[in-house]
Amino acid sequence: MEITSLQNERIKHLLLLQQKSAVRRQVGLFVVEGQRELLHCINAGYEVQTIFADCEKCGDDLKNIPTDGIEVVEVSSRVYEKIAYRGSTEGMVAIVKTRQHTLKDLENRMGEPPLYIVLESVEKPGNMGAILRSADAAGIDGVIICDPLTDLYNPNLIRASIGAAFTVPVVACTSEECIAWLKEKGIQILTAQLQDSSLYYDTDMKRPTAIVMGTEATGLTTQWREAADRHIRIPMCGKLDSLNVSVSSAILMFEAVRQRQEKKK
């Protein structure tokens, strides 16, 4: 049966999940839009409850999704336009169960040597999504969000990550928990900051490393500055004194990749 009414209760529920983080937390569900993102989500082991599909848009693309055990509900083009954020998402939007990763989960997939990106109180979902995308490209072992100010299942974050929200392990915890865990595991802490810092390319990142980023407005708290083994900075040659946090994160992650590849030669 096709859903054609915007007043349908299931459509209203889906829209609430898209718009309200409190509702997502309460029911343990979130929304994924698009074939690519949904495939990454399923391959990462997330449990998909329902796929709402506009068959005129998705056509044969739905056949690329393993739908065994997943409810597929057909919706009209008018309804799909209401529930879809983007026009080019292959005509499918899904409701998925949330999962909570822990620092213990990261131990089960540590690289040799491990490399992590730590974000303290980064607020903008778009920045977090872009960082996850770079983290996937750099082969980061995990992204740790300390004292998060945004919902990790925010639709804007998932869109900006183009599915990296599922391909990269993401853990939320307090700064205290993260610092204690990194120290226990012998992982050096490199904080990105302007004050009392060395140039990032003069810093050894070949050993087990966590690169810690703060917000663009206030930077890192004293807690992280004092916990750091080294302070690092990106040289600023223009009039401004900072880069977007997602750009800075990518530069530092790929410096670690470069150093590790040089070591293998």
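The legends below describe close-up views of a predicted model.

In this predicted model, local features need pLDDT of at least 70 and side-chain atom pairs count only at pLDDT 80 or more, while totals for chains, interfaces and linings use all residues. Residues are numbered from 1 along each chain as its sequence is written, and side-chain values use heavy atoms, with hydrogens and water left out.

**View 1. Four strands form an open sheet with mixed pairing.** The strands, which are DSSP runs of E with at least two residues, numbered from the N terminus like the helices (runs of H or I with at least four residues), follow the order S1-S4-S2-S3. Strands S1 (29-33) and S3 (71-74) stand at the edges with a single partner strand each, so one side of each is left without a neighbour in the sheet. Two strands count as paired if DSSP finds at least two bridges between them; strand S2 (residues 48-53) and strand S4 (residues 92-97) run antiparallel and are joined by five bridges. Within this pair, Ala53 has Met92 of S4 as its bridge partner.

**View 2. Helix H3 (residues 35-43) lies across S1, S2 and S4.** Buried residues, meaning those under 20% relative accessible area with a 1.4 Å probe and protein chains only, are found in H3 at Gln35, Glu37, Leu38, Cys41 and Ile42. Seen down the helix axis, the buried residues of H3 fall within an arc of 160° (taken from the directions from the axis to the C-beta atoms), so they line one face of the helix. These buried residues pack against S1, S2, S4 and helix H9 (164-167), where contact means heavy atoms within 4.5 Å. Gly45, which follows H3, has a positive phi near 95°.

**View 3. Arginines lie over the faces of two tyrosines.** Arg99 lies over Tyr46, at 4.8 Å from the ring centre, and Arg159 lies over Tyr85, at 3.6 Å from the ring centre.

**View 4. Strand S5 (residues 115-120) is largely enclosed by the rest of the structure, because six of its six residues are buried.** Leu115, Ile117 and Leu119 point one way from S5, whereas Tyr116, Val118 and Glu120 point the other way. Five bridges join S5 to strand S10 (residues 209-213) in a parallel arrangement, with Val118 opposite Val212. Strand S6 (residues 142-146) also runs parallel to S5 and is joined to it by five bridges, and here Glu120 stands opposite Cys146.

Note on methods:
Axes fitted to C-alpha atoms, helices over the stretch in contact; angles between N-to-C directions. Buried < 20%, exposed > 50% of the residue type's maximum accessible area, 1.4 Å probe, protein only. Lys NZ or Arg CZ within 6 Å of the ring centre and 35° of its normal.
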